[in-house]
Amino acid sequence: MINRASDKQTAEIRTAIETCFPDLDSRYLDYYFKFLYKPEHCFVKTYEDKIIAMSIRTPHDLMFNGRVLRTSMIAGVCTLPDYRRHGYMKELMDILVDAVEHSELLTLIQTEQPALYEPYGFRTVYNRREYIIERKDVKRITNFGCAYEPPALDLLKVYSAYIKRFNGFYARTLKDFVNYKKEIAMEGGKIVAFYNGKDQIQGYAAMIPEGRELRVDELVYLDSLSLMKLCNAALQEKRIVHLRVSEAEDFSRIFPGAPEKVYGSTMVRLNDTELFTRVFSKKIESADELPSISSKPLNLNEFE
């Protein structure tokens, strides 16, 4: 039987995630279960009072072509190793798909195995770029104007200005950035911001150390100067930086010698084609057509 999780199952759910996703950063899980996790968002399959399969569906508001849509992100779909190949994942996905078809227009999922979710109508619509930059790739400039631990309100202000270039993004609030600062800190990272001469924030970079290297999962900038300032700040932390941005942000001319790759990031399911046509006056048959009717490049850079 599949039910919504209860509070008393939280520790068992975390253990299941750690077992099924051994590469997931434990520091992120600490943050997630302290600040974001809600039992009512989690669906569990049990056998003899033991959780053997699970999935989490987290609701979000998504901005697309000028409208705020109620959506959700599906994550953590997994079955414990000893119980695989018995159809439990299909059972979970069938229930989730039935639920989203009756409650929202679009549903998102992030996975490194897109073939698993294509039979359920999910299509990869958003790709990301990753640049691996070193000192030789970035012109050295001073870090004047860079500041650590910027206020959440400043992050919201510059993000709101930056994200106007894009479409298909989460509608973030001040509370989201309060939590985001906690997330980065609990992962052992830091947020570096750049301010201009008028003390106005122009961008920020969320930096997570990974051994001798650094990962920048979110880079927000309003101009080329703020971009270069933040890249220099990252290279002062570690000699190798993995810079992850949207596919639309092509830095090949800025970092011509840096290794680069494009990879699939987010899948989307279109749950009601007729309603979509009425809302947007655009007729599409599946989610993979969303980029073609998007008013701006997509930026589905969210993970919960």
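This is a predicted model: local features need pLDDT of at least 70, side-chain atom pairs count only at pLDDT 80 or more; totals for chains, interfaces and linings use all residues.
**Aromatic pairs**

The structure contains 19 aromatic pairs. In one of them, tyrosine 28 and tyrosine 31, the ring centres are 6.1 Å apart and the planes meet at 50°, so the pair is tilted. The tilted class follows because an angle under 30 degrees would count as stacked and one over 60 as edge-to-face. Both residues belong to helix H2, which spans residues 26-36. Their spacing of 3 residues in this helix separates them by about one helical turn. Tyrosine 28 and tyrosine 31 are each buried.

A second tilted pair consists of tyrosine 162 and tyrosine 221. Here the distance is 5.6 Å centre to centre, with 55° between the planes. This pair links distant parts of the chain, its members being 59 residues apart. Tyrosine 162 is in helix H4 (residues 152-162), while tyrosine 221 is in strand S11 (residues 213-221). Tyrosine 162 is buried, as is tyrosine 221.

| Pair | Centre to centre | Angle between planes |
|---|---|---|
| Tyrosine 28 and tyrosine 31 | 6.1 Å | 50° |
| Tyrosine 162 and tyrosine 221 | 5.6 Å | 55° |

What cluster do Tyr28 and Tyr31 form part of? They belong to one aromatic cluster that also includes Tyr32, Phe33, Phe35 and Tyr37.

**Arginine 172 and two rings**

Arginine 172 is placed over the face of tyrosine 159, at 4.1 Å from the ring centre. The charged end of arginine 172 also sits over the ring of tyrosine 180, where the distance to the centre is 5.8 Å. Both values meet the distance part of the criterion, because the limit for CZ of Arg is within 6 Å of the ring centre.

**Positive phi values**

Which values of phi do aspartate 199 and serine 281 adopt? Aspartate 199 has phi near 60°, which is positive in a residue other than glycine. Serine 281, again a residue other than glycine, has a positive phi near 55°.

Aspartate 199 lies in the loop between strand S9 (190-195) and strand S10 (201-210). Serine 281 occupies the loop between helix H7 (273-280) and helix H8 (290-293).

Methods:
Residues are numbered from 1 along each chain as its sequence is written. Side-chain values use heavy atoms; hydrogens and water are left out. Rings of Phe, Tyr and Trp (its six-membered ring) pair if their centres lie within 6.5 Å; planes under 30 degrees apart count as stacked, over 60 as edge-to-face and the rest as tilted. Helices (H or I, at least four residues) and strands (E, at least two) are DSSP runs, numbered from the N terminus. Buried means under 20% relative accessible area, exposed over 50%, partly exposed in between (1.4 Å probe, protein chains only). A charge sits over a ring if NZ of Lys or CZ of Arg is within 6 Å of the ring centre and within 35 degrees of the ring normal.
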